[in-house]
Amino acid sequence: MTLDFRRSVIYQAYIKSFNDTDGNGIGDLKGITEKIPYLHKLGVDIVWINPFYPSPQNDNGYDIADYNNIDPLFGTMDDFEELVRVGEEHDIGIMMDLVINHTSTEHEWFQKALAGDKKYQDYYILRDPVEGQDFPTNWVSKFGGSAWEPFGDTGKFYLSLFDPTQADLNWRNPEVRKEAAEIVNFWMDKGIKGFRLDVINLIGKDEKLVNSVGDIDQEKSLYTDKPIVHDYLRELNHQSFGKDPDFITVGEMSSTSIESCIAYTQPENDELNMAFNFHHLKVDYPNKEKWTKAPFDFLELKKIINDWQLGLSENGGWNALFWNNHDQPRALTRFGDDQKYREKSATNQGHVLHFLHGTPFIYQGEEIGMTDPYFTKMDQYQDIESHNAYYNLKEKGKTHKEALEIIQAKSRDNSRTPMQWNDEEHGGFTKGTPWIQVADNYKEINVENELKDGEIFKYYQKLIQLRKKMKIIQEGSYAPMFLKHEQVWAYRRRYENQELITFSNFYGEPITLDLSSKVEEGAWEYLLGNYGAKAFSKTLELAPYEAVSFIQIADES
């Protein structure tokens, strides 16, 4: 199997909610294997699977206790090897999620460190408290509270930027870097074709750690995107995945910058193929506050994506393109109209994303137009972050109704409800009791109905097919149009003698767009649109949530 990240489309399967084959209410590896033919029909090249290593599950598997095994909750190594084999039969590679910024405190390394083994104590970031304060620094954990936890009864503390049971690794130690390369090579030998590297831009902590003296952004700069991260990634590349030119890597970059991600993804730097950033998914956070219910800022959304498109594409970098993942509400509900214009909103969002410069990611259920579940009771939510937010909102004076509406809008569980396969009980996800409730609309919105007479899956198939065959979509330059327009999203791509223009009405009101000053005369041909074929016109009429692209080939005579 030969893969090229420039022409590939990647599908994210949140294993816990994808497909359960043993009736315990939790998805498993066999469940993904069973649906490989479905993913092949969609046309994707790679399926990225969230962590399924042994884990106490304090952070949904991102707290790894053993890097070289499978958690029995999800199956066995034989199940995994069968998944790889069936994937290869269908020309689909397996991408794993790798968390090497930190381990679970249940990991053997940490337990040996606690027992006094000096070798393994140097695997972690241990410090004494500073005189005059309780901790080594005043850093705050991303999950709240101090970023330092007591290291047994030694009087020292270990750094924990996330959950207290996740201990940050000391990448300054060459033994840690060697272990990381060996983990990658272990799974490459099993036949995987890619890795998504969790919060990988946090691995470059300084030897001397200092207090924050500013706001949270200043504090993050003390351990985020440090220059030495590039050295570590280059070393990891040379010792593992860089040996396979077809292997695909994507780095999840926390609180990152365009400049850093250019360097992470420029091919000549031998680091990663592409980078995730999350700035565009904070455009409904007024004053940077997540737990609010507010309309999204369309102009800011366009501006952020435009800045990243120009920044990376013009400097040899590469974007990972996505609307959805397991930590975000569904974009269809968030940025579209999932009631009156569900199908058109879904195809519109897919169209805008898949014609951009970068590698598109599809999150499970996106291709059939799954929505947020609109849970009506707090006990339907499983996410601890959502429950903490609810109690905090109540303490700040919100009524139950007000607080619940905010949780409905922002909870990570919005994207974690089970995949809706058919109209049977629990949407065909499980024969048992699902770990989280299926959305009530599963009888109408499900794979079986969509394949029979839906329009979203077929549209995604077309988007994927076009990317595979058209160099202008894979590699063409990018330039914005109508950046200040409050309703329309538009841009152009160019490659050699071709030009492609894309227009999207991102709202539910029709609009007529005057293109006379933006688009040159030429033989513009319809390429794809979610309302069907239409002729190009300098006064372009766009229906609610309509997206359309035209292409022309320059006359070289």
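In what order do the 8 strands of the open sheet stand? The legends below begin with this sheet in the predicted model.

**View 1. The open sheet of 8 strands with parallel pairing.** The strands follow the order S11-S10-S9-S3-S2-S1-S13-S12. Strand S11 (274-276) and strand S12 (320-321) stand at the edges; each has a single partner strand, so one side of each is left without a neighbour in the sheet. Strands of a sheet pair through backbone hydrogen bonds, either parallel or antiparallel.

**View 2. The pairing of strand S2 with strand S3 within the sheet.** Strand S2 (residues 46-49) and strand S3 (residues 93-98) run parallel and are joined by 4 bridges. Val47 stands opposite Ile94 in S3.

**View 3. The packing of helix H9 against helix H10.** Helix H9 (residues 228-239) and helix H10 (residues 258-265) have axes 10 Å apart, at an angle of about 20°. H9 is therefore roughly parallel to H10, and the crossing of the two helices is right-handed. On the H9 side, the contact is made by Val229, His230 and Leu233; on the H10 side, Ser260, Ala263 and Tyr264 take part. The residues of this contact of H9 with H10 comprise 4 nonpolar, 2 polar and no charged.

**View 4. The crossing of helix H10 and helix H11.** The axes of H10 and helix H11 (residues 298-313) cross at roughly 40° and come within 9 Å. The two helices, H10 and H11, are therefore oblique to each other. The crossing of H10 and H11 is right-handed. In H10, Ile258, Cys261, Ile262 and Thr265 meet Asp307, Trp308, Gly311 and Leu312 in H11. The residues of the contact of H10 with H11 divide into 5 nonpolar, 2 polar and 1 charged.

**View 5. Glu496 in the loop between strand S15 and strand S16.** Most residues other than glycine have a negative phi. Glu496 is not a glycine, yet has a positive phi of about 50°. The loop that holds Glu496 lies between strand S15 (488-495) and strand S16 (498-505). Glu496 counts as exposed because its relative accessibility is 70%, where exposed requires over 50%.

**View 6. Tyr545 in the loop between strand S19 and strand S20.** Tyr545, although not a glycine, has a positive phi of about 55°. With a relative accessible area of 7%, Tyr545 is buried, since buried means under 20%.

Definitions and conventions: Residues are numbered from 1 along each chain as its sequence is written. This is a predicted model: local features need pLDDT of at least 70, side-chain atom pairs count only at pLDDT 80 or more; totals for chains, interfaces and linings use all residues. Side-chain values use heavy atoms; hydrogens and water are left out. Two strands pair if DSSP finds at least two bridges between them. Axes are lines fitted to C-alpha atoms, for helices over the stretch in contact, and angles run from 0 to 180 degrees between N-to-C directions. Angles under 35 degrees count as roughly parallel, over 145 as roughly antiparallel, 65 to 115 as roughly perpendicular and the rest as oblique. A crossing is left-handed if the near helix is turned anticlockwise from the far one by less than a right angle, and right-handed if clockwise. Contact means heavy atoms within 4.5 Å. Ala, Val, Leu, Ile, Met, Phe, Trp, Tyr, Cys and Pro count as nonpolar, Asp, Glu, Lys and Arg as charged, and the others, Gly among them, as polar. Buried means under 20% relative accessible area, exposed over 50%, partly exposed in between (1.4 Å probe, protein chains only).
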